[in-house]
Amino acid sequence: MARGPMTHGRYAPPAPRRELTATSADGSRLHVEIHGPDAPGLPAVVLSHGWTCSTAFWAPVVRDLAADHKVVLYDQRGHGRTPAVGPRGYSTTALADDLTAVLETALEPGERAVLAGHSMGGMTMMASAERPEFRARAAAVLLCSTGSANLTAESLVIPLRSPGGRRIAHQVVLGSRAPLGPVTALAKRLLKYATMGPAATPEQVEACARIVHACQVGVRSKWGRVLAGLELTGGAARMEVPTAVIAGTADRLTPVVLSRRLASVLPQFLGLTELPGAGHMTPIEDPDAVIGRIRELVRDHLGGSGAAAGAAETAPETAETAPETTATATKEKTA
């Protein structure tokens, strides 16, 4: 089957209103898209995707938010329409440089936004926490299915009992240069096992497989090595911006324990929403929950428009922890 994003339905990426190029600190050129009406005063949302994904990953979220928001999204270096770089161009510093460039390119002077990052996109927010440009632009942050450290020891894709054994096994997987090949039935079963929950639909699995299999082998390996050695707990602890967290309870790649640890260090923690049965790909597996949480953040921290606030009232109900506690709550999946 062909690689590339879906071409119809909820998981097909919509056409952007504008396309821009942001230039990062090392000269890397990043593909940036702006979605939503060409109207002044709309609240802004910036979306950052994860490892092996692209702007197409956010399709169901963009389709909803673009009705009444300015939505900015971009391809991380080496992903989607952003070119790969030299071997030294992959680091958490590069993630922060790239996000800073996107914010300065796509937002108007003085404009602030709600930022949402999935997996490596969430790590991008943590890596950027002390950047003045990030602090000036971020009104609130949503971290989706991510973690700050110890990914290889906590991951359950290879379910070894020993954390040390899991660390070694997952380091090999993350750094692998093995080609994924075409999107076959077997490939989709393996991807679903590793990255999605048992309730993921065939359409959702197909959408994720097409995106992940389109990632270049070398890029996947280089970023995988960065993730294997990740240590961003200090960045998370210095993220002086209201921050909410969302995670799936069936996430094998970044298990929910990593989100619970984030809850214990984030200085302005707004709550952890746990999605029962969801895996790692939460913006595709349960887009309504992610959309609802983003709309709440816009309403509460950007003074969202009446349209945005009204839509938030109809979004699926989520249960979350109180900011002063790290106990977790769950949200029942809707049929």
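Let's start with what covers helix α9. The cover over its buried residues includes α2, α3 (120–127), α5 and α6. Helices here are DSSP runs of H or I with at least four residues, strands are E runs of at least two, and both are numbered from the N terminus. Buried means under 20% relative accessible area, exposed means over 50%, and partly exposed is in between, with a 1.4 Å probe and protein chains only. The buried residues of α9 are G218, V219, R220, S221, W223, G224, V226 and L227.

Before going on, a word on the source. This is a predicted model, where local features need pLDDT of at least 70, side-chain atom pairs count only at pLDDT 80 or more, and totals for chains, interfaces and linings use all residues. Residues are numbered from 1 along each chain as its sequence is written, and side-chain values use heavy atoms, leaving out hydrogens and water.

Back to α9, and its length. The expected span of a helix is 1.5 Å times one less than its number of residues. For the twelve residues of α9 that gives 16 Å, and the end C-alpha atoms are 16 Å apart, so the two agree.

Look at the start of α6: a side-chain oxygen of S162 comes to within 3.2 Å of the backbone nitrogen of G164. That is a polar contact: N or O atoms within 3.5 Å, within protein one able to donate a hydrogen and the other to accept it, with residues adjacent in sequence counting only if both atoms are side-chain atoms.

A214 sits in it, between α8 (202–213) and α9.

Next, the core. A nonpolar core is a set of buried Ala, Val, Leu, Ile, Met, Phe, Trp, Tyr and Cys residues joined through side-chain atoms within 4.5 Å. The largest one has 50 residues, and L115, F134, V141 and M239 touch the most other members. Helix α2 (residues 92–106) gives the most to this core, six residues. Apart from it lies another core of 25 residues, including V71, A244, I246 and I294. In soluble globular proteins, nonpolar side chains tend to be buried together.

Take V141. Contact means heavy atoms within 4.5 Å. Leaving aside neighbours within four places in sequence, V141 contacts L115, M125, F134, M239, V241, P242, T243, A244 and L297.

M126 is in helix α3. M126 is buried, at 1% relative accessibility. Not counting residues up to four places away, its contacts include L143, T146, M239 and L262. The C-alpha atoms of M126 and E231 are 9.9 Å apart, across 105 residues of chain.

On to R137, in helix α4 (residues 132–137). Buried or exposed? R137 counts as buried, at 7% relative accessibility. A polar atom of its side chain lies 2.8 Å from the backbone oxygen of E111. Beyond four places in sequence, R137 also touches L103, E104 and L107, among others.

A247 is in strand β7 (residues 243–248). A247 is buried, with 1% relative accessible area. Among the residues it touches, beyond four places in sequence, are S145, V256 and T282. Its C-alpha is 7.4 Å from that of H280, 33 residues away along the chain.

Now the whole chain. The protein chain has 14 helices and nine strands. Of its 335 residues, 57% are buried. Of contacts between residues at least 6 apart in sequence, 78% join residues at least 24 apart.

Last, confidence. pLDDT is the predictor's confidence in each residue, from 0 to 100. The chain's mean is 91, and 90% of its residues reach 70 or more. Over residues 305–335 the pLDDT is below 50, although this stretch has 61 contacts in the model beyond near neighbours in sequence. Where pLDDT is low, the predicted coordinates should not be read in detail.
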